[in-house]
Amino acid sequence: MDRAGARHRRPEGFGKPEESGLPQIASPERPTATSEDGWWRVPESQQVAPKQLGTEPSRETTLSIGAEVTLPFVFAGLGLSVAGVLLNYFQYWPVFVEVKELMTLVPPLVGLKGNLEMTLASRLSTAANTGQIDDPQEQHRVICSNLALVQVQATIVGLLAALAALLLGAVSSEEVDLAKVGLLCASSVLTAFFAALALDSRYLPLLVCVVFVTLTPVWGIMAKQSPSILKVLKFGWFPIILAMVLSSFGGLILSKTISEPHYQNMAIFTPIICGVGGNLVAIQTSRISTYLHIWSSPGVLPLWMKKLLPNPCSTFCSSETNAMSARVLLFLVIPGHLIFLLVVYLVEGHSVTSSKTFVLLYLLAGLIQVTILLYLAEVMVRLTWHQTLDPDSHCIPYLTGLGDLLGTGLLALCFLLDWLLRSRAELKDLSELVSGPP
């Protein structure tokens, strides 16, 4: 987006009422200066030129959006394809066979990693586009605070994901071995931090948990350097925890189906379909959020986005910038999945994608998943912005968590339908063979 019209984002976030023509909103973070007339004021260094909300600003082109998005999307998808192949290999390791909760942890931990990184990238993207990090000193403070926040969230939510996996295992009538609790918690925290340790010692898992939990207050102190990050640290837990719960149900679906013969390749395709949906909706959410930070003020939607519940057709078919990017992202789904299917075919062999029916069902499932997520992104960003919350931190976790649940559920349905159709065809052929010619 053109940064010529960008403004500095600030905790107070709201210029003079007579300049912006917007409702007066006071900051919950810290008081601003007041003038003699009693109006809340923003320091001069943070004041910007008034924004015209009556007309939509100039848009990017479809070509420019596609050029920005396609290459990162393909590279990310290739990584997801390799992750699926590795998961298909590792599912037969004794630790995954004996500790089934580890498989339940896969979607929430993959989703957690995505949530934290995507919200981090979205916040930094908004900061860059609104001029927050133009100053080198401010740049260092904002980046360090954001990274420290991610470490705190990764530790705490990683532990909660392990406990959720144990709880779901208990609810589903599986025996819960308390000796496995340390292994699950340590594995969860280490995955969240991208660390690599061998968990062979009886006491090493507990030691790992203690070390990372002990470091959490240090990361919290570093995160407090930025007022906006401090607000997320205090009040931004519900989105990522709810996202973890949604992803955990997706993990339960994966752990229940992965050992069944007709769900044989669930491990390969789960990271791909969940990751593709999460990546695309995160891109769209970040773009809409940055768009609103530049052209509007929290609590006030531009006139062309005034409907809190837009028509689904307008989300994809209108001439607005956000609709254009939604179309580009939607058009990437089928070509992207075909590329990733080809990669899996080249690595795993013909047996993985031998069924044309499954391929068609899989592509349809991916298209349905992303369509739902892109529409919900438009709705949730508008609602969040209307409530003066930051979409960068509040929307992406919900959407990626829902994407994990939708992706895993739709993928399981694809395998089930493909198995039913193949079984029906085999029975029909068998009955014709038995009956013979008249």
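Predicted model: local features only at pLDDT ≥ 70, side-chain atom pairs only at ≥ 80, totals over all residues.
I started with contacts (heavy atoms within 4.5 Å): of those in the protein between residues at least 6 apart in sequence, 80% join residues at least 24 apart. Numbering runs from 1 along each chain as its sequence is written, and side-chain values use heavy atoms, with hydrogens and water left out.

Next I looked up the secondary structure, with helices (H or I, at least four residues) and strands (E, at least two) taken as DSSP runs numbered from the N terminus. I got 16 helices and zero strands.

Then burial. I used under 20% relative accessible area for buried, over 50% for exposed and partly exposed in between (1.4 Å probe, protein chains only). Buried residues are 50% of the 438 in the protein.

Which helix is mostly covered? I found H12 (residues 321-331), with nine of its eleven residues buried. Among them are Thr-321, Asn-322 and Ser-325. The cover over the buried residues of H12 includes H2 (62-90), H10, H11 (312-317), H13 (333-348) and H14.

On to the nonpolar cores (buried Ala, Val, Leu, Ile, Met, Phe, Trp, Tyr and Cys joined through side-chain atoms within 4.5 Å). The largest has 67 residues, and Phe-269, Ile-272, Tyr-362 and Leu-411 have the most contacts inside it. Helix H10 (residues 266-295) gives the largest share of this core, nine residues. Another core lies apart from it, with 13 residues, including Leu-301 and Trp-304.

I also checked Arg-382, in helix H14 (residues 356-386). Is Arg-382 buried or exposed? Its relative accessibility is 5%, so I log Arg-382 as buried. Leaving out residues up to four places away in sequence, Arg-382 touches Leu-301, Trp-304 and Glu-320, among others.

Last, aromatic pairs: Phe, Tyr and Trp (six-membered ring) pair if ring centres lie within 6.5 Å, with planes under 30 degrees apart stacked, over 60 edge-to-face and the rest tilted. I count eight pairs in the structure. Phe-238 and Tyr-398 have ring centres 6.4 Å apart and planes at 65°, so I call that pair edge-to-face. Phe-238 is in H9 (residues 237-257) and Tyr-398 in H16 (residues 396-435), so the pair ties together parts 160 residues apart in sequence. Phe-238 is exposed at 55% relative accessible area, while Tyr-398 is buried at 19%.

For Phe-269 and Phe-415, the centres are 6.3 Å apart and the planes at 50°, so this pair is tilted. Both residues are buried. Ring pairs link Phe-269 and Phe-415 into a cluster with Tyr-263, Phe-358 and Tyr-362.
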